[in-house]
Amino acid sequence: MEEEIGFTKEHEWVIIKEGLALVGISDFAQNQLGDIVSIELPKIGSKFKYMEAMAIIDSIKASSDIYCPISGEIVELNEDLLEHPEQINQSPYDLGWIVKIKPLNFKENIKEFTDLMSKEQYDKYVGEIE
Amino acid sequence: MNYIPTSEKDQKEMLKQIGISSIDDLVKEFKPPFPRKLSLSKSMSEFDLTKHMKSLALRNRILKCFVGAGSYNHYIPSALNHLLMRGEFYTGYTPYQAEINQGILQTMYEFQSFICLLTGMDVANASLYEGASALAEAILMSSSYTGRNHVFVKNGLHPQYLEVLQTYCKGTDFEFTDKIDDKTACVIAQNPDFYGNVENLLQLSERAHKAGALFITCVVEPTSLAILEPPGNYGADIVVGEGQSFGIPLNFGGPYLGFFAVKDFLLKKIPGRISGMTTDSKGDKGFVLTFQAREQHIRRERATSNITTNEGLMALASTIYLALMGRTGLRDVAKLSYSRAHLLFKKLKGIGFEALNGKPFYNEFLMKAPKSPEKIISTLINNGIFGGLDLGKDTMLICCTEMNTIQDIENYISIVRGIT
Amino acid sequence: MKLIFEYEEQTTGYLPDEDIQIDLPKEIIRKELPLPNVSEISTVRHYINLSKKNFAVDVGFYPLGSCTMKYNPKINEDLARLEGLRDLHPLSPDDCVQGALQLMWELEQDLMEITGMDSFSLQPAAGAQGELLGIMITKAYFKQNNEKRTKILIPDSAHGTNPASAAMCRCETITIPSDSRGNMDIDKFKQSLTPDVGLVMLTNPNTLGLFEENILEISNLARNNGTLMYCDGANMNALLGITRPRDQGFDMIHLNLHKTFSTPHGGGGPGAGPLGVQSFLSDYLPTPRIIKQNNKYILDYNKRKSVGRIRSFNGNFSVLVRAYSYIKSWGTDIRKVSEHAVLNANYLLTLLKDVYELSFDRTCAHEFVLSSNKFGNRSAMNIAKRLLDYGFHPPTVYFPLIVREALMIEPTETESKETLDRFVMALRSIADEIKENPIVVKDAPHTTSIGRLDEVAAARRPNLRWVIPSRPGDENNRDLKFQKPDKQ
């Protein structure tokens, strides 16, 4: 599972790396939102349950919640985004990462992680929305 | 009166174009049909209407006002009303189309700036309904920021404001407590308080912050800010209040002007409209409504608030008022209000009234009357003076502004002295 | 134009000059008051020039859907400024304000007659506050009856305020889709109408400008389920004297006096949003209530089951004065208002539906929604901006959310055929331009003093207030940050 990317129906992506879940939003999502103008990040140390709203992204058109794709504790934030939210538009899978989460409960997390869509499944899902 | 311009000839042509013979055909699916004429009074001509309204106005008595309590009788420069009567200002709506509403957007920006300068805060919105519901919005914001739902209110909050908070809190599941702890979302203090007391609230704000709560200052008589320390300097995270003192008539209680200012870390949670400066395609300076994505028409049930129509024209009135009065004029208002109140206070003390304010006051004060307040107030009213509010237990809340002349104060005293 | 803060220091003064010493403790005294001093002539010119940079009903046609931008009779401005109505302190003894109380009482009576409701509170400052109050009353009512009902059903065409107000009261909203005729989908409604549903919130006619054809069935189903019916009265301008919300089965309604009853919109308020209810809910209304006793009007503070006060003092009184005089001037003829509002809307619809698309081909009420979807993505915005060049305020765009590229047009009854014809010409000509010369539409507006503004920059680097320029590095002068950097 290492380094494999998974997607939620709410358009977050997750990559598990060194026991931590790296989370961002998909290219499709950033495109739909248009120019992102700001992001409201959670606090380090705060805990979120599966698919609980943990951050808010604002564009001119919309203000969207970012949902927690893996139950756990926030251990790192991409604070660059506070100054440069446009990185989410420019580089959604790399510079535009949002938080790192330490999964809480291995067993449950496994289920959450297997519920995620693969890249192919997600592309198909997005194709249907469009 | 008939405010419909359509001639009968035009009406016929329009019906023909639509392909029907009468307006009834257009409304036949509005069900159930109302079977009779509405039982309202007969239509009035402008002439009759004016007569009727004047007779209603004459059934009210305008008194010399020595009462504040959230509604202050200040002088309004004549130029203000002339500017406010511009149809280009008062017959438009929220400036959604920035290109044709630069005027109103700039005045909103100026209003926000005035409020920030006066309160010592970073960001202000373009207005809320009035002081009390603005304070309720501040509680909602505190809870959304802290994730907590307990509210601590310092003594001395305007009783009607407290009632409004109780209404909102019942509806929205908040609790009032007398403790400041790790459940406290916010600590609220009015300054000057309902009894006119003014103080530096630094210690209270530190207590709030230590507990992880937000500190809210509520300013109901904002002319005080011309001479008093701005709340931003003693730790307020949110300053809300009532802007009526800035150029808005008493209006029997409304429309008034809620203002709402915060430190920048709360910027994205502000309810209502905000105007921001930016540039156009040619690089020229201009203004737009900003952060609309957080508002109800886009974010619906997850919006920062349900507010839509706010008090734009009242914010404009305040902006023009502050521009006309200027730094010097506003200071004069505050100094005169302060000085008249202290003069009346001194004279009342001289005829047996007892001071009850534990702290210094600005333009409003509480006294224990040597005779029944009911009698004092009714005697004054018979002489055309609204002399104070009876707060029970022989106490009276009294207020002065620059509108109360020294002669008015002499008259007040001599009438009260004459009561046996 | 420069800001009022950017004028050179001038002289001003309106009050007697007296030498006054302030004797207050040092720690509460302000060190400086950084406001400008600008002369009266400069201030007057400043704001007159700003006023000229606005579009308003007094300037031109303003068919902003859902906002009812009708003409605001001038006489009402004068009447609201009569000293005897303007200079009253809200805490004056009842004896001294009989005229004001009579006016409010009579306004309540008139609104009761117009809607069919049994009592009104004039306290709410705007429609959204009326709604909030309605939901609070719903909560209090079910609490009193020991019922747990936390859900609110709202159609997908609803104003955003409906779900926002519900959320403020911690109620769960269930969104009901619209059917192929633009009504609320009745089958989906039936499925969602479970025993825990406390309230159905409907706008009628809805935001598509369509009268809800199943309204009587909906309110019957709700009643049988013990659910209350709330009417968002934003669109009352279609119904005056034709049909009454109470007779349609509603238990509560708020009215937007700044819409239907012609009080000026003020560039974004003040409005007034009185709430009317049926008698079984009267005791829940805010206090004080106005009552008439032996030909005297009194403010009654008796709480009964009241949810409490929703704002300070007596509502937006001077807005109430204007609405009152508007209703008095129409009197029994007020039905004409709605008839002509509906006539004007249908006239425009007839002349535009071949060029733009109509999602629901029905007779409309006082407004209608066109779609410019066939002209492509963002076409509604471009058309709106191009209309500015033709001298019109654009319709509401991108609302309701269920119509793609929506243009929501509400002409109101106060516009002449001549104006409507010019508007039709403009919209038809823009449709031609999109085909023949699309760039002129895409780059619009061309004639306004300022071009399209950079909203992204405005939001990314917010500049929301003037700062004292001479003091860089000053605490008040730093850039705004959205969030405290997290240092835990």
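This is a predicted model: local features need pLDDT of at least 70, side-chain atom pairs count only at pLDDT 80 or more; totals for chains, interfaces and linings use all residues.
1. On conventions, residues are numbered from 1 along each chain as its sequence is written, and chains are lettered from A in the order in which they are written. Local features need pLDDT of at least 70 and side-chain atom pairs count only at pLDDT 80 or more, whereas totals for chains, interfaces and linings use all residues.

2. Chain B has 13 helices and 15 strands, where helices (H or I, at least four residues) and strands (E, at least two) are DSSP runs numbered from the N terminus. Of its 420 residues, 62% are buried, a term for residues with 20 or more other C-beta atoms within 10 Å of their own, the C-beta atoms being placed from the backbone.

3. In all, 169 residues of chain B are in contact with 171 residues of chain C, contact meaning that the C-beta atoms of two residues, placed from the backbone, lie within 7 Å. Helix α11 (residues 312-350) of chain B gives the largest share of chain B's side, 21 residues.

4. Across this contact, helix α1 (residues 8-18) of chain B packs against helix α10 (residues 335-352) of chain C at an angle of about 50°, with the axes 9 Å apart; axes are lines fitted to C-alpha atoms, for helices over the stretch in contact, and angles run from 0 to 180 degrees between N-to-C directions. The angle makes α1(B) oblique to α10(C), since angles under 35 degrees count as roughly parallel, over 145 as roughly antiparallel, 65 to 115 as roughly perpendicular and the rest as oblique.

5. In this packing M14(B), Q17(B) and I18(B) of α1(B) meet residues of α10(C) including L343(C) and Y347(C).

Definitions and conventions. A residue is buried if 20 or more other C-beta atoms lie within 10 Å of its own, exposed if 12 or fewer, and partly exposed in between; C-beta atoms are placed from the backbone.
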